[in-house]
Amino acid sequence: MNKDIIKVKNIDKTFVTEKGQSIHALQGVSLEIRNNDFVCLVGPSGCGKSTLLRIIAGLERASAGTVVFQGQPVTKPDKRLGMVFQEYSLLPWRTVADNVALGLEFAKKPIRERRKVSKRFLDLVGLADFATSYPYELSGGMRQRVAIARALANDPDVLLMDEPFGALDAHTRILLQRELLRIWEANRKTIVFVTHSVDEAIYLADRIMVMSKGPGKIRDIININMARPRNRANPLYGQLSARILDMLEEEVQGDLPLLEQKVSNIV
Amino acid sequence: MNLKSLYKFAISMLVPLFLFGLWWYMAIQIKNPVILPEVGEVFRLLFNPMTNLISMGSLVSNIIVSLVRVIVGYCLAVLIAIPMGILMGYYSLVYNLLNNFVGLFRPIPPLAWVPLVLAWFGVSSLATLIGLEQGQWYIYLNNVKLSMIFIIFIGAFFPILTSSIYGVHSVNKTLIDSALVLGAEGGEIFRKILLPAAAPSIVNGMRTGLGVAWMCLVAAEMLPGSLSGVGYLITHAYTIARTDIVIAGMISIGLVGALLDYLFRLVEDKKFGWQRLAR
């Protein structure tokens, strides 16, 4: 099963800000995501990677171009395309178990099934003991596990993740990366993971899509052929990291003279 | 009761006790019950709330009449302001359509509506509205004049409306997005995301609205056609120089208002604890 599950064809996106400025966020983005693939999108901030993910999710409309998911164009959110957000996505007035069962509730599943499924996925993310807790009683890392469990409980074909570990401290982040791989290996969902951390992308992905900015497009696609779990001490790891960081640095080069000028103004 | 809460209670009683002391002392000095009746006089009225006062019925029966009026006007305000506020908060089209209108009417004090309201409704009441002209129910319903309902409605409407708009406006966008990707349809977004997320703010507005509605009471009960209610009792007692009844009525209004507010707070603490703790 290696056929493309998602095809992004020539996506263009132009925003108009509240001040009336128009911003060209994405230009001619095309990519294919294969079934069971773990793809990371990395790029400098403001390159439109989150916007691209939201367009794939059907939360935003592209100005031009189409996203095709399993042969059908995506025009609105689809529960087969699950999503995990950076933070604050859990309903604070619901218990952890009721949050996990939210998608099943929308699908009008009976309460017994909802309980069973939410228990299963809380077990999967190691939070079975917190089923009756409220989100505010959990740490940031635990909340993101709940968000992942909630997305998986809906049994989507694809999991779109928008910097899900971006707000966590470095240690928790590494723990959750490991955990996500364990879950992915158990479930084998297709994952599209947006991050600005090159290290995170190399640790997780089968393929890394490097984006460039102004307007955002795909600059390069890098296959990572390293066995998991990946060892950060592996020389290949460092080489890849250096290579991608170089690309990103070239991307922000244009900004540098401006920055230097600002610094010299301050000094 | 432990020592700390006893201490807190003692502290909270200091100012009221001082005021009562001042009142007690001043009343003895002034020796004129029209300017300031003695504390004992007023409390005698408050502790015998079932006795008939100046042939207008008891304090309790008047409070009940007032409560019914406030509740009718207030419920009307709740039923209109909350849906309107939610729609204005969610759809920018509705917001743009109605915002200027609301902004123009909100600053008008409820009392300024009185002449217009009298011209519109006169002395017609709920009984007139449903075409009742006699019987026991006529007596009850005729007490609830449309003009009073309108004044109370105006008072309660705007606080509820603005806090509903604000409540929906400030719902985290990510909550809506995550419900959408989980397969929520339009109605479910309203019922399961927007409404509960905005509920603390809406209920807070309902509490403020009830306070304002209660405050509009005296004004509403001064309107022609009114023959009962605490507000009317106060104005009538004033015309026959019974200041003790005026003060007893004021204290009753204060107590009932505080009690209603307290009930709202209980609900807020019980239901919306998450909001205080969620950050």
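**Notes on the A/B model**

1. A:Gln70 is partly exposed, with a relative accessible area of 37% (buried means under 20%, exposed over 50%, partly exposed in between, using a 1.4 Å probe and protein chains only). Its phi is positive, about 50°, although A:Gln70 is not a glycine. You'll find A:Gln70 in the loop between β4 (64-69) and β5 of chain A; helices (H or I, at least four residues) and strands (E, at least two) are DSSP runs, numbered from the N terminus.

2. Some ground rules. This is a predicted model, where local features need pLDDT of at least 70 and side-chain atom pairs count only at pLDDT 80 or more, while totals for chains, interfaces and linings use all residues. Residues are numbered from 1 along each chain as its sequence is written, chains are lettered from A and ligands numbered from 1 in the order in which they are written, and side-chain values use heavy atoms, with hydrogens and water left out.

3. A:Glu163 lies in the loop between β7 and α6 (170-187) of chain A. Is A:Glu163 buried or exposed? With a relative accessible area of 13%, A:Glu163 is buried.

4. Check the peptide between A:Arg228 and A:Pro229 too: the bond is cis, with omega about -5°. A:Pro229 belongs to the loop between β10 (217-223) and α8 (235-253) of chain A.

5. Now the sheets. In chain A, four strands make an open sheet in the order β2-β1-β4-β5, with antiparallel pairing (two strands pair if DSSP finds at least two bridges between them). Its edge strands, each pairing on one side only, are β2 (22-34) and β5 (72-73) of chain A. Strand β1 (residues 4-16) of chain A is joined to β2(A) by nine bridges, and A:Val8 stands opposite A:Leu31 in β2(A).

6. β6(A) runs parallel to strand β7 (residues 158-162) of chain A, with four bridges joining them. A:Val84 stands opposite A:Met161 in β7(A). Both faces of β6(A) are covered: A:Leu81 and A:Met83 are buried on one side, A:Gly82 and A:Val84 on the other.

7. On to the interface. Chain A gives 25 residues to the contact and chain B gives 20 residues (contact means heavy atoms within 4.5 Å). Together the two chains bury about 2000 Å², 70% of it on carbon and sulfur atoms; buried area is the accessible area (1.4 Å probe) that two parts lose on being put together, summed over both. A:Trp93, A:Phe106 and A:Tyr136 supply 37% of the area that chain A buries against chain B, more than any other three residues.

8. Three salt bridges turn up across the interface of chain A and chain B (a side-chain nitrogen of Lys or Arg within 4 Å of a carboxyl oxygen of Asp or Glu). One of these pairs B:Asp177 with A:Arg54, the closest N and O atoms being 2.9 Å apart. The elements giving two or more residues to the chain A side are α1 (49-57), β6 (81-84) and α3 (102-106) of chain A. Of these, α3(A) has the largest share, four residues.

9. Finally, B:Asp244 sits in helix α12 (residues 243-271) of chain B and counts as buried at 8% relative accessibility. Leaving out residues up to four places away in sequence, B:Asp244 touches B:Pro37, B:Glu41, B:Val42 and B:Leu45.
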